[in-house]
Amino acid sequence: MIRFIFVLFFVTTLSLSGATNDQDILDRAANYMNNENKSDYFRAYNDYKNLYLRSIMSEDEELKLQALRGIVKSGQKLHIDVVQYSEELIALDKLPPPLEQTPETRNDTKQEIKVTASNKLKAVKWRNERLVLIFEKNLASNHINYFSLEEDAKKSYKYIFDIHASMLTESQNLRKEGVERIKLAQFNPNTLRLVIEDDNKIDIRFKKENNELVVLIKNIKEPTKAPVQVALSVKQAKSKVSKQTKIIVVDAGHGGKDPGAVGYKGYREKVIVLQVSKKLKKILEARGYKVYMTRDSDKFVKLSHRTKLANDKNADLFISVHVNAVDGNKANGIEAYFLSPSRSERAKNVAAKENSADMSDMNFYGKQSLLNTLNSHNIVASNKLAIDMQQGMLQETRALYKDVRDAGVKEGPFWVLVGALMPSVLVEVGFVTNPTEAKRLVEEKYQTNIALGMANGIDRYFLNNGN
């Protein structure tokens, strides 16, 4: 079945690549990599994957070598698990393995950005309508430079903070109602830049508190006069939200006769993921999303019925929530998967566990849905969503426990995702077989932070992709 999936993936992505000459695709991918932005890295990664599959079909070893180099380079930029491709490249190219892929260092964690700034950003959160940036060390006054660029004629107002520090994640867009754009990015190796931008003037106030930069953002265009005007504004805002409402289906894994993983002290996966999923639904609805759940109680739902609900509701996203389990009690960490015919044994093993509940769906999907789902657009979009959600979960959970491990974003043949006709992600929010992590997974506060991180990732996905 995996080989069948692999060939279909090749046919579909090849037909959508927009170019037929190998060198043209290589040149295009190289140009994408030179642009140094995440969207173009995704395009390059997809092109290199297409070329790799083409090289297998044509038995072209030179093309395979170039494609593997591109997959590893672009995949590392995107923090995708490319260990298997890297190992094949090492064998084919007879080069020493890159540092982050050696057996001693390969643990699916993200490679740190190499910077010279002595301070690092630990977390970003909203606290009572204030944006709070939390750093590892206390901030000195001369480490923060604030200035604004205001052009009344062009209705362009930018408020900029340059901070002598670095961040361990990629640039991110933050969200606040009434403000057009808030972006946080590494401006240069020594400088972290926060940009707040709108077409109206904004009242910006900030203060430094030990290791925190607290920023109050007040959009002064908001109506503050008569109560009637305020009421009309709220009504108009609700109308605007309803027109732009995104539909999200949240899938709490397993349920009913299928307990999922059973781990430390008998904690059951089906119970934990339902609790997290309900919290996620509540947060998303508070932000204006329309949310449906595949199950809201302890009942068994077939895999095919889960994605059928998402398709019937014309959902924009499908999110399947799970917890992990392995033999032994040392494995830990959060990871996110998107659908792909993975070559990683680790991903296949995780998928086998999650696929086992309803084996009857295998033939159904294999015959009816595969061609509709294994396409370049959905895979790339799902990959982006997985990265955004992974970053969101890590930021929020590390606010409670600094040692939460980033187990990475990976490809996997998860059958619960196969039927979805929209970007879809399966998240494993921790290991129930790890005593420390299991205790956290049943904590209400930790579950809330996981859900909040997922919601933040979903927000970021829509913002980054122009939706």
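This is a predicted model: local features need pLDDT of at least 70, side-chain atom pairs count only at pLDDT 80 or more; totals for chains, interfaces and linings use all residues.
View 1. Gly-288 follows H7 and has a positive phi, near 100 degrees. The helix itself covers residues 269–286, 18 residues in total. From its first C-alpha to its last, H7 reaches 26 Å, close to the 26 Å expected at 1.5 Å a residue. The buried residues of H7 include the charged Glu-269, Lys-270 and Lys-279. Also buried in H7 are Ile-272, Val-273, Leu-274, Val-276, Ser-277, Leu-280, Ile-283 and Leu-284.

View 2. Most residues other than glycine have a negative phi. His-254 is not a glycine, yet its phi is positive, about 60 degrees. Lys-265, likewise a residue other than glycine, has a positive phi near 55 degrees. Lys-265 has a relative accessibility of 63%, over the 50% limit, and so counts as exposed.

**View 3. The open sheet of six strands.** The strands are arranged in the order E12-E11-E13-E16-E14-E15, and their pairing is mixed. E12 (290–293) and E15 are the edge strands, each pairing on one side only. On average, and with direction ignored, neighbouring strands of this sheet are turned by 20 degrees against each other. Helix H8 (residues 303–312) packs on the sheet and touches E11, E12 and E13. The direction of H8 makes about 170 degrees with that of E11.

**View 4. Pairing of E11 with E13.** Strand E11 takes in residues 247–252, and strand E13 residues 317–324. Five bridges join the two strands, which pair in the parallel sense.

**View 5. Strand E14 and its two partners, E15 and E16.** How many of the six residues of E14 (residues 334–339) are buried? Six of the six are, so the strand is largely enclosed by the rest of the structure. Ile-334, Ala-336 and Phe-338 point one way from E14, while Glu-335, Tyr-337 and Leu-339 point the other way. E14 runs parallel to strand E15 (residues 406–412), to which six bridges join it. With strand E16 (residues 424–431), E14 pairs in the antiparallel sense over three bridges. Tyr-337 can be followed to both partners: it stands opposite Lys-410 in E15, and its bridge partner in E16 is Leu-426.

**View 6. The crossing of helices H2 and H4.** H2 consists of residues 22–35 and H4 of residues 61–77. Their axes come within 12 Å and cross at roughly 20 degrees. Angles under 35 degrees count as roughly parallel, and H2 and H4 are therefore roughly parallel to each other. The crossing of the two helices is left-handed. Which residues meet where H2 and H4 are in contact? From H2 they are Asp-22, Leu-26 and Met-33. On the side of H4, these meet Leu-63, Gln-66, Lys-73, Ser-74 and Lys-77.

Notes: Residues are numbered from 1 along each chain as its sequence is written. Side-chain values use heavy atoms; hydrogens and water are left out. Helices (H or I, at least four residues) and strands (E, at least two) are DSSP runs, numbered from the N terminus. The expected span of a helix is 1.5 Å times one less than its number of residues. Buried means under 20% relative accessible area, exposed over 50%, partly exposed in between (1.4 Å probe, protein chains only). Two strands pair if DSSP finds at least two bridges between them. Axes are lines fitted to C-alpha atoms, for helices over the stretch in contact, and angles run from 0 to 180 degrees between N-to-C directions. Angles under 35 degrees count as roughly parallel, over 145 as roughly antiparallel, 65 to 115 as roughly perpendicular and the rest as oblique. A crossing is left-handed if the near helix is turned anticlockwise from the far one by less than a right angle, and right-handed if clockwise. Contact means heavy atoms within 4.5 Å.
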